[in-house]
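Please walk me through this structure. I would like the fold, the helix packing and the contact between the chains in short sections.

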Amino acid sequence: MNNEAMNNGKIQNPNDQTCGERSRTIPKGNTATLVVEQVTKRYGAGATEVTAVRDVTMTVAPGEVVLIMGPSGSGKTTLLSMLGALLKPTEGAIQLNGDVISALAENRLPDIRLKQFGFIFQDFNLLSALSALENVALVAQLAGAKGREARKRASDLLTDLGLRERLNFLPEKLSGGEKQRVAIARALVNDPAIILADEPTANLDSKIGHEIMRLLRRIAKEQNRSVVIVSHDQRIKDIADRVLWLEDGQFKEMVTMAIDPVCGMSVEREKAAAALEVGGTTYYFCSKGCRAEFEGEQLKGR
Amino acid sequence: MFLARRNLFKEKTRLALSIGGVALAVMLVLVLNGFLTGMYRQITSYLDHSPGSVVIAQRGVNNMLGATSLLPPDTVDEAGKIDGVAGVAPILSQFIILDLHGKKQPAYMVGYLSERGGGPWKLAEGREPEADDEVVFDSVLAARHEIRLGGLIEIMGKDFAVVGLSEGTTSWMTSFFFIRKSAAESLLRAPGATSFLLVTPADGESPEAARDRLGDLPGTQAVLKSEMAANDYKLFARYFSAPLQLMTGIAFLVGTLIVGLVIYTATVERQREYGVLKAIGARNAVLYRVVAAQALIAAMAGAILGVGLAYAAGEWIMAARPQFLIVLEPMESARAVVIGLGMALAAALFPARVVAGVAPAEVFRK
């Protein structure tokens with residue numbers, strides 16, 4: 001089994017082994033399906049025209065973790081910006097639960113971003129003058145929460161993320177991992193359906209980076225939120241349900257990840273050493289040995 | 001708006017600079033206005049304190065301090081005979097240049113009859129002149145030139161004994177001194193000459209009615225004392241108001257620029273943070289409020305400090321240079337706070353443009 005803490009809508013504090021009893025309950029996420037249909041984004045015109053994203057189509061289901069990878073300049077950031085209603089596509093449509101958000105008037109987009117999306121940035125992008133608590137509470141207040149309620153929500157979230165002792169710390173006093181956890185709390189405070197993360201591990205060492213990615217995966221799975229991550233980091237592929245390779249503005253290769261039911265390892269379905277269909281479900285294995293073991297278990301079960 | 005407060009207080013040096021800039025500008029505005037008010041008060045102080053409510057001057061002379069007036073010889077007697085006139089105080093006045101310790105000092109000489117009025121209205125020391133070689137000198141001018149009661153000063157080549165020191169008769173440009181009218185006639189070599197008549201209407205007679213009755217005296221014109229004071233005020237305002245108001249305007253501009261520049265720099269430095277807020281979903285209006293609140297807090301704190309500084313500076317200036325009267329009125333202080341508000345709003349314009357121009361998608365750019 002994956003080492004996620006499955007505790008009914010609670011996020012397990014990665015630093016706190018006993019948090020299963022102490023953590024507060026965070027409401028189950030607001031869910032949505034994000035559909036991208038033949039989206040193209042062009043900058044400039046005439047001789048200077050550049051196509052950053054070309055005819056991209058994808059769907060992100062609730063609870064799914066999608067990792068978009070690709071070389072620099074491949075259009076990842078432009079695509080992420082369009083997914084988050086920060087940029088409008090030149091062609092195509094982006095739908096959120098059936099609503100075409102790419103066609104909405106500019107003045108309606110801030111509300112969509114505030115309530116439907118949670119953003120996580122590479123540089124954390126916390127407001128330097130505000131404490132961890134205030135950074136999170138401010139976003140709740142922007143969405144209409146009153147001061148006390150906003151602080152309570154922010155405090156609960158940060159506590160659940162293991163930052164109870166850091167509530168009143170300014171970002172400059174926090175470590176990289178702590179800053180990213182504050183950023184995650186900020187992204188979650190308005191209960192968004194979709195979390196968009198831009199290189200969330202780029203400024204973190206590999207241990208903390210992995211911890212953050214596991215946390216994001218837990219949020220997706222436990223709260224049924226969709227998580228879209230843009231990253232160069234090959235080491236985080238195993239936490240994704242799907243890995244998409246973007247190059248020259250187009251998806252070139254799509255990798256669907258699966259968990260080996262025997263050893264718990266992440267395997268790319270397309271490159272799995274073995275696969276087996278049982279009762280209409282296909283299982284993927286890292287090795288033939290695992291498959292054999294699985295088959296043995298199945299036979300015993302009969 | 002805790003974000004505005006936090007942004008502002010995070011950079012204490014910048015905040016101090018911003019508050020200090022506004023405080024200095026507001027102080028300058030208040031001190032300059034106080035100086036102007038004080039100057040106008042000094043300009044009209046003689047007429048404000050002299051007897052009567054109608055002034056008779058030579059025909060064509062509408063003010064006291066900016067023109068020389070010489071009345072026909074029998075005007076004093078004829079004015080006294082007109083119905084509705086209770087009293088007439090003739091004065092012979094002239095701007096003259098005194099030579100005090102080798103320095104040229106303009107002063108306004110008033111020759112008057114002590115039994116009719118028109119002399120000093122408040123004596124700090126001594127008494128009124130009883131002989132033609134006695135003078136009551138302005139106490140501030142006397143102090144500046146170390147002239148003491150009992151001392152001698154030379155006026156137009158003649159020595160006068162200082163027998164009194166008057167109060168409220170000073171101004172930065174000219175101060176008053178008082179001698180007997182006969183002494184003034186002698187100094188000016190104009191026996192029987194009179195510059196102005198200060199006319200007191202009889203009980204029950206309005207100043208306007210008295211002025212109308214006095215209007216027929218040949219070679220003269222009767223003017224209400226309040227009109228004469230207003231004309232003196234206008235005369236000086238024409239010369240001093242424009243430059244002082246220009247300086248006030250410059251002070252306002254400097255204060256606005258300081259706050260504007262400080263808030264602008266702070267906003268540009270936090271441009272990415274504003275972009276993050278926009279990306280997260282903050283509307284422009286929210287960010288405008290943050291920027292405006294920062295400017296407002298800095299400007300209001302500066303304005304309040306500026307009012308305090310203005311009072312301190314006014315006191316200091318008047319102690320160091322008593323010829324300057326700085327009048328700071330409560331309404332002016334309230335106006336300074338409004339000026340501070342104006343500065344804040346003007347100063348917030350440029351940073352608000354920066355915020356408006358931030359593209360939320362830029363936050364994903366490295």
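The report below goes through the two chains by topic.

## Basis of the model

This is a predicted model; local features need pLDDT of at least 70, side-chain atom pairs count only at pLDDT 80 or more, and totals for chains, interfaces and linings use all residues. Residues are numbered from 1 along each chain as its sequence is written, and chains are lettered from A and ligands numbered from 1 in the order in which they are written.

## Chain A overall

Chain A has eight helices and 13 strands. Helices (H or I, at least four residues) and strands (E, at least two) are DSSP runs, numbered from the N terminus. Of the 302 residues in chain A, 48% are buried. Buried means that 20 or more other C-beta atoms lie within 10 Å of the residue's own; exposed means 12 or fewer, and partly exposed is in between, with C-beta atoms placed from the backbone.

Contacts in chain A with a separation of 6 or more were also counted. Residues 24 or more positions apart account for 64% of them. Two residues are in contact if their C-beta atoms, placed from the backbone, lie within 7 Å.

## The sheet of chain A

Strands of a sheet pair through backbone hydrogen bonds, either parallel or antiparallel. In chain A, seven strands make an open sheet with mixed pairing, in the order β6-β7-β8-β3-β9-β10-β11. Two strands pair if DSSP finds at least two bridges between them. The edges are β6 (117-120) and β11 (266-268) of chain A. Each has a single partner strand, so one side of each is left without a neighbour in the sheet. On average, neighbouring strands of this sheet are turned by 20° against each other, direction ignored.

Strands β3 (residues 65-69) and β8 (residues 226-230) of chain A run parallel and are joined by four bridges. Here Leu67(A) stands opposite Ile229(A). Helix α2(A) packs on the sheet, where it touches β3, β7 (194-198), β8 and β9 (242-247) of chain A. The direction of α2(A) makes about 155° with that of β8(A). Axes are lines fitted to C-alpha atoms, for helices over the stretch in contact, and angles run from 0 to 180 degrees between N-to-C directions.

## A helix pair in chain A

Two packed helices are described by the angle between their axes and the distance between the axes. The axes of α4(A) and α5 (residues 147-160) of chain A come within 8 Å and cross at roughly 125°. That makes α4(A) oblique to α5(A). Angles under 35 degrees count as roughly parallel, over 145 as roughly antiparallel, 65 to 115 as roughly perpendicular and the rest as oblique.

Residues of α4(A) in this contact include Leu133(A), Val136(A) and Ala140(A). From α5(A), Ala150(A), Ala154(A) and Leu158(A) are among them. The contact of α4(A) with α5(A) divides into nine nonpolar, three polar and two charged residues. Ala, Val, Leu, Ile, Met, Phe, Trp, Tyr, Cys and Pro count as nonpolar, Asp, Glu, Lys and Arg as charged, and the others, Gly among them, as polar.

## Where the chains meet

In the contact between the chains, 22 residues of chain A touch 19 residues of chain B. On the chain A side, α2 (76-83), α3 (109-116) and α4 (132-142) each give two or more residues. That side divides into 13 nonpolar, five polar and four charged residues.

Helix α9 (residues 271-280) of chain B is mostly covered, with eight of its ten residues buried. Among them are Glu273(B), Tyr274(B) and Lys278(B). The buried residues of α9(B) pack against α3, β6 and α4 of chain A, together with α10 (284-320) and α11 (330-357) of chain B. Gly281(B) follows α9(B) and has a positive phi, near 135°.

## Strands of chain B

Strand β2 (residues 85-100) of chain B runs antiparallel to β3 (residues 103-112) of chain B, and ten bridges join them. Leu92(B) has Gly111(B) as its bridge partner in β3(B). The hairpin has two residues between the strands, and His101(B) takes a positive phi near 50°. β3(B) also pairs with β8 (residues 175-180) of chain B, in the parallel sense over six bridges. In that pairing, Val110(B) is partnered by Phe178(B).

Strand β1 (residues 54-58) of chain B has four of its five residues buried, so it is largely enclosed by the rest of the structure. β1(B) pairs in the antiparallel sense with β10 (residues 220-224) of chain B over five bridges.
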